[in-house]
Amino acid sequence: MTDNRYDVIIIGTGAGGGTLAYHLAPSGRRILILERGDYVPREKANWDPQVVNVDAHYNAKESWLDKDGKDLHPHTNYYVGGNTKFYGAALFRLRKEDFGELRHHGGISPAWPISYDDLEPYYTQAENLYQVHGNRGEDPTEPPANSPYPWPAISHEPRIQQLSDDFTHSGLKPFHVPVGVMLDEKNPHKSRCIRCNTCDGFACLVGAKSDAQVVCIDEAIKHSNVTLLTNSLVKRLETDSSGREVKSVVVERDGSLETYSADVVVVSCGAINSAALLLRSANDKHPRGLANSSDIVGRHYMGHTNSVMMAISKCPNPTIFQKTLGVNDFYFGSRDFEYPMGHISFVGKLDAITLKAGAPAIAPNFTLELMAKHSLDFWLTSEDLPDPNNRVTIGRDGKIVLTYTPNNLEAHERLQGKLKQAMKQTNCAVHGHECHQGLFGRNLYVGQRIPLAGVAHQNGTIRFGHDPKTSVLDANCKAHDVDNLYVVDGSFFPSSAAVNPALTIMANALRVGDHLMKRLGVSETTYEQNRQQDRELAVSR
Ligand SMILES: Cc1cc2nc3c(=O)[nH]c(=O)nc-3n(C[C@H](O)[C@H](O)[C@H](O)COP(=O)(O)OP(=O)(O)OC[C@H]3O[C@@H](n4cnc5c(N)ncnc54)[C@H](O)[C@@H]3O)c2cc1C
Ligand code: SF4
């Protein structure tokens, strides 16, 4: 065995790769984690809206192409922890029905090869691991769960509580959004999280967000059998002569190429980069790209139809941590629209600096500063459907090309209409129904909907399924065409549902981890002993 030989190689440290690394670490097997980025530097700028939202300082410094060959600057992040370093940590389970076939206005959302019940125990594990704060029983669409959330929900601040009460009076069932931040409201002096206004979209300067670096990678690399190499860009995967096995992982590091090999290779670069890596790894046995006999790799790209809607009120909104309230009453449809519409919640509180970066239509008699002080900043998500023509390909100079035509848009327009209606029904004690000046689409970048560059919720490009003709991965997320290749990031989704994707990626990584443990012959006793030792070490530290 050479130094470059491992039992498992994991490529990428985000929600998928990071969680899998954490889960496999106590196995005692030699694990190599390869991450193209470095750690997010800890600096005051982490929490500076100008640096983060306007200068896009922490965004990936590369350009892709859209279907017309125009440069596309993706809003994505290459760091240890992947995009979870910057996420809003709203950690939702998909609905039970999302795992079956669902008819939408724009077409069919296909069934998954596993059921909700298959994933349920792993959702519970992921919620515990990522310290999710929530209250069961409030969300009218929530799926059955075998245990409560590990932490109580994050409380609403007064303006959001008032909105929640208003919504309840008008017949809706608002709920507390499940969030993964390390806030202890009962013991604020001990709480790691300080409940600040720079969470969603920002890295946490005090390490109190449950992201994949803090929760998973930092823990995994405490094990002597786990090695993390940062600034290590995986360029290609090479197979043996049969084409059935990944034989080497080619990595660019410090300006030169190195190769590593392992019994099992797990790709988790995010749905777009993972597809690109497989396509770039084409060889004689895999002429259309690695594991791509089906010609499915890169296809069915989904990213949700998202928009930010600002509701401007006469009353100010001094909320600091705004992402606490959600509305799912229209998730599966309503009396006047029988198709699913999606999910309503909040983004982090918008400020004038951030607004300037994509100035919204100005409310009459308001400046941007005033708008920011008076707005409730909603985040709307609708399901986009898997279209084989929405895809990742490799274009000129080896650049990623993202081709996407939005679909199922009627659902999103209806959802926006429902929010407008709900806001009209609120009745402020000071200004009555006149409190709300209206809803304004925030041009986060260009246009009211989040544009193509907003790839935060990317998924679907390497879908799993039972049929090798219509899917790339089997139900264990192993490539049908290659015996030692797995994918555990958001690529595996056959449909995108309409809640945020990260918890499902994490839960699935834990599920695949259990499968890999069996494949690697790890005994449960050894694993549990190692875990127990970890706990004891953690207590003694
Ligand atoms: C601003 C923002 C807010 C969000 N808010 C939420 C939210 O509230 N709730 C939610 O559920 N989701 C949210 N998301 C989405 C969530 O972050 C993603 O769904 C999740 O991180 C995806 O996990 P992943 O493992 O698929 O990929 P990622 O987390 O993107 O991880 C991929 C990793 O692979 C690395 N990599 C890529 N290519 C290579 C290569 N060739 N070689 C080596 N390494 C490579 C990357 O650097 C990265 O570390 C948000 C995202 C953003 C950007
Ligand atoms: S301190 Fe809390 S609210 Fe602020 S960024 Fe960190 S986790 Fe988010």
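**Overview of a predicted chain**

Good morning. In this chain, 73% of the contacts between residues at least 6 apart in sequence join residues at least 24 apart.

Let me turn to the overall form. The chain contains 11 helices together with 19 strands. Its radius of gyration is 23 Å, close to the 24 Å that the globule rule gives for 541 residues, so the chain is as compact as a globular protein of that length. Taken along the principal axes, the box filled by the C-alpha atoms is roughly 75 × 55 × 45 Å.

Next, the interior and the surface. Of the 541 residues, 60% are buried. The chain exposes about 21,200 Å², and 50% of that area is supplied by carbon and sulfur atoms. As for charge, there are 56 positive and 62 negative side chains, with the centres of the two sets 2 Å apart.

I would now like to consider one residue, Thr124. Where does Thr124 have its place? It belongs to helix α3, which covers residues 116-129. Thr124 has a relative accessible area of 13%, and since buried means under 20%, this residue is buried. Apart from neighbours within four places in sequence, Thr124 is in contact with Arg93 and Ser147.

Finally, a word on confidence. The average pLDDT of the chain is 94, and 96% of the residues score at least 70. Residues 444-448, however, have a pLDDT below 50. Beyond near neighbours in sequence, that stretch has 16 contacts in the model. Where pLDDT is low, predicted coordinates should not be read in detail. Thank you.

Key
Residues numbered from 1 in each chain as written. Chains lettered and ligands numbered in written order. Predicted model: local features only at pLDDT ≥ 70, side-chain atom pairs only at ≥ 80, totals over all residues. Heavy atoms only, no water. Helix = DSSP H or I, 4+ residues; strand = E, 2+ residues; numbered from the N terminus. Rg over C-alpha atoms; globule rule 2.2 N^0.38 Å. Buried < 20%, exposed > 50% of the residue type's maximum accessible area, 1.4 Å probe, protein only. Contact = heavy atoms within 4.5 Å. Areas by Shrake-Rupley, 256 points an atom, 1.4 Å probe, with all protein chains shown as cover. Lys, Arg positive; Asp, Glu negative; His and termini not counted. Charge placed at Lys NZ, Arg CZ, Asp CG, Glu CD. pLDDT = per-residue confidence, 0-100.
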